[in-house]
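Please look through the sequence and the structure shown here before reading on. The report is meant to be read beside them.

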Amino acid sequence: MKKILVTGGLGYIGSHTVVELQHSGFEVVIVDNLSNSSLDVLEGIISITGKAPTFEKLDLRVKSDVSAFFKKHTNIDGIIHFAASKAVGESVTNPLLYYENNLNTLVYMLQECETHKISNFIFSSSCTVYGEPDSLPITEKAPIKKAISPYGNTKQISEEILFDVCSVSELKAIALRYFNPIGAHETASIGELPIGVPQNLVPFITQTAAGLRNQLSVFGDDYPTPDGSCIRDYIHVVDLAKAHVIALKRLLSEKNETNLEVFNIGTGKGTSVLEVVSTFEKVTDQKLNYKIVEKRPGDVISVYADTTKANEILGWKAEKSLDDALISSWKWEKKIRNL
Ligand code: NAD
Ligand code: WQD
């Protein structure tokens with residue numbers, strides 16, 4: 001049985017990926033410092049899969065602790081590195097936190113890969129590396145624009161670090177550029193758990209419907225899009241999780257064509273903010289209190305993926321619909337609020 005280390009494995013995308021890894025017969029070791037997650041997530045994973053992954057609380061910023069971890073946990077066949085800070089606004093006010101947590105931790109992980117001869121590495125990148133694209137849908141060949149936020153910059157620099165390390169070592173890496181992950185596991189045993197006021201659209205919608213927030217602000221309705229609101233590519237988190245398992249199998253079977261491969265992971269379909277709102281209302285039978293307000297600074301107008309490369313080379317395709325995702329998000333929100 002192959003042993004996979006999942007950093008940030010109690011987080012939103014990490015926890016769904018751990019479930020899919022266990023379903024596919026991998027042995028999973030999770031490290032997480034619980035800065036944006038809780039131990040309850042472990043119970044959620046166990047309730048779905050019936051198997052307890054190994055868990056160790058570890059802060060990847062502490063280099064000596066990271067080294068000690070790798071001395072204790074030997075025979076790791078691959079790493080999926082989710083651990084990072086991800087709040088775009090916070091990265092503007094506290095850039096050093098982001099450069100430390102997103103870059104130092106990556107460097108420490110790659111140093112351990114070199115020391116312990118671990119050659120399979122999957123990295124969480126983001127469509128944020130594209131900025132405002134020149135043409136749509138976006139292929140992996142699109143230029144990387146100057147990052148709008150320190151968070152986005154950490155993802156660009158991380159990809160450069162991976163490229164440089166892969167060029168001179170045995171490391172084989174896949175960077176998956178996620179578009180907008182939404183939804184929850186269909187069992188509602190795990191899902192997204194934003195701390196404080198959600199910054200992302202779907203958790204804000206579900207919290208508004210649940211009565212935790214008074215009103216959803218829709219940021220702008222006069223963009224040059226069909227209904228005037230921004231367009232994104234919303235990908236179900238379970239589809240996204242499955243992409244990691246497929247990418248990992250590609251590395252383990254040495255099917256990769258270059259030492260660093262990059263794939264867009266989205267649905268290929270653009271959906272506007274107002275379409276998300278109306279779809280949520282339709283599939284949940286909830287009336288959502290929302291108001292059009294000023295544009296949010298830094299928002300790109302329209303972003304959606306060309307997924308041809310992932311479809312053809314990885315053999316992965318998003319299977320779930322926006323309806324599925326919003327139904328699962330609402331089921332999860334109701335469960336955690338005891339509604
Ligand atoms: P998340 O915050 O839910 O999960 C990240 C996990 O990493 C958390 O459990 C957190 O406690 C842990 N963590 C953070 N710093 C750590 C450290 N120093 N040591 C150990 N654990 C640490 O975030 P997510 O949405 O699951 O995102 C996972 C990855 O995907 C991140 O790298 C993120 O930047 C990237 N990503 C997310 C999105 C998105 O919209 N959610 C989109 C594109 C890329
Ligand atoms: C989606 C749309 C908002 C909240 C962010 C990061 C990106 C990536 C994914 C990590 C936008 C609108 C939102 C609200 C709204 N993360 N909106 N009212 O901005 O596409 O991407 O998460 O890599 O890097 O920037 O996602 O969910 O914040 O917004 O109208 O209360 O919803 O303007 O058009 P975004 P989001």
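The model is a predicted one. Seven strands form an open sheet with parallel pairing, in the order β3-β2-β1-β4-β5-β6-β11. At the edges are β3, residues 54-57, and β11, residues 260-265, and each of these pairs on one side only. On average, neighbouring strands of the sheet are turned by 20° against each other, with direction ignored.

One pair of strands can be followed in detail. Strand β1 covers residues 3-7 and strand β2 covers residues 27-32; the two run parallel and are joined by five bridges. Within this pair, leucine 5 stands opposite valine 29 of β2.

Helix α6 lies across β5, β6 (172-178) and β11, and runs at about 155° to β5.

**Ligand 1**

Which residues come nearest to ligand 1? Of the 27 residues around this ligand, the nearest are Asp32, Asn36, Ser37, Asn101 and Tyr151. By type, the shell around ligand 1 divides into twelve nonpolar, ten polar and five charged residues.

Some of the polar contacts with ligand 1 can be named. Serine 35 places a backbone N or O atom 3.1 Å from an oxygen atom of ligand 1. Phenylalanine 82 likewise has a backbone N or O atom by an oxygen atom of ligand 1, at 2.8 Å. With asparagine 101 the contact is made by a polar side-chain atom, which lies 2.7 Å from a nitrogen atom of the ligand. On its own, ligand 1 has 820 Å² of accessible area, and the protein covers 95% of it.

The elements that give two or more residues to this shell are α1 (12-23), β5 (120-126) and α6 (150-168). Strand β5 gives the most, with three residues. Strand β5 is also part of the sheet described above, and α6 is the helix that lies across β5, β6 and β11.

**Ligand 2**

Around ligand 2 there are 19 residues, of which Ser126, Tyr151, Ser217, Arg232 and Asp299 come nearest. Tyr151 is also listed among the nearest residues of ligand 1. The shell of ligand 2 is made up of ten nonpolar, six polar and three charged residues.

| Residue | Atom of the residue | Atom of ligand 2 | Distance |
|---|---|---|---|
| Asparagine 200 | polar side-chain atom | oxygen | 3.2 Å |
| Serine 217 | backbone N or O atom | nitrogen | 2.7 Å |
| Phenylalanine 219 | polar backbone atom | oxygen | 2.9 Å |

Taken alone, ligand 2 exposes 690 Å², and the protein buries 87% of that. Both α7 (201-209) and β8 (216-219) supply at least two residues of the shell. Strand β8 gives the most to the shell of ligand 2, with four residues.

**Two points of backbone geometry**

Most residues other than glycine have a negative phi, and most peptide bonds are trans. Against that background, two places in the model can be picked out. Lysine 117 has a positive phi of about 55°, although it is not a glycine. Lysine 117 sits in the loop between α5 (95-116) and β5.

Where is proline 137 found? Proline 137 is in the loop between β5 and α6. The peptide bond that leads from leucine 136 to proline 137 is cis, and its omega is near -10°.

Note on methods: Residues are numbered from 1 along each chain as its sequence is written. Chains are lettered from A and ligands numbered from 1 in the order in which they are written. This is a predicted model: local features need pLDDT of at least 70, side-chain atom pairs count only at pLDDT 80 or more; totals for chains, interfaces and linings use all residues. Side-chain values use heavy atoms; hydrogens and water are left out. A residue is near a molecule or strand if one of its heavy atoms lies within 4 Å of it. A polar contact is a pair of N or O atoms within 3.5 Å; within protein, one must be able to donate a hydrogen and the other to accept it, and residues adjacent in sequence count only if both atoms are side-chain atoms. Accessible areas come from the Shrake-Rupley method with a 1.4 Å probe; for residues, only the protein chains shown count as cover. Ala, Val, Leu, Ile, Met, Phe, Trp, Tyr, Cys and Pro count as nonpolar, Asp, Glu, Lys and Arg as charged, and the others, Gly among them, as polar. Two strands pair if DSSP finds at least two bridges between them. Axes are lines fitted to C-alpha atoms, for helices over the stretch in contact, and angles run from 0 to 180 degrees between N-to-C directions. Contact means heavy atoms within 4.5 Å.
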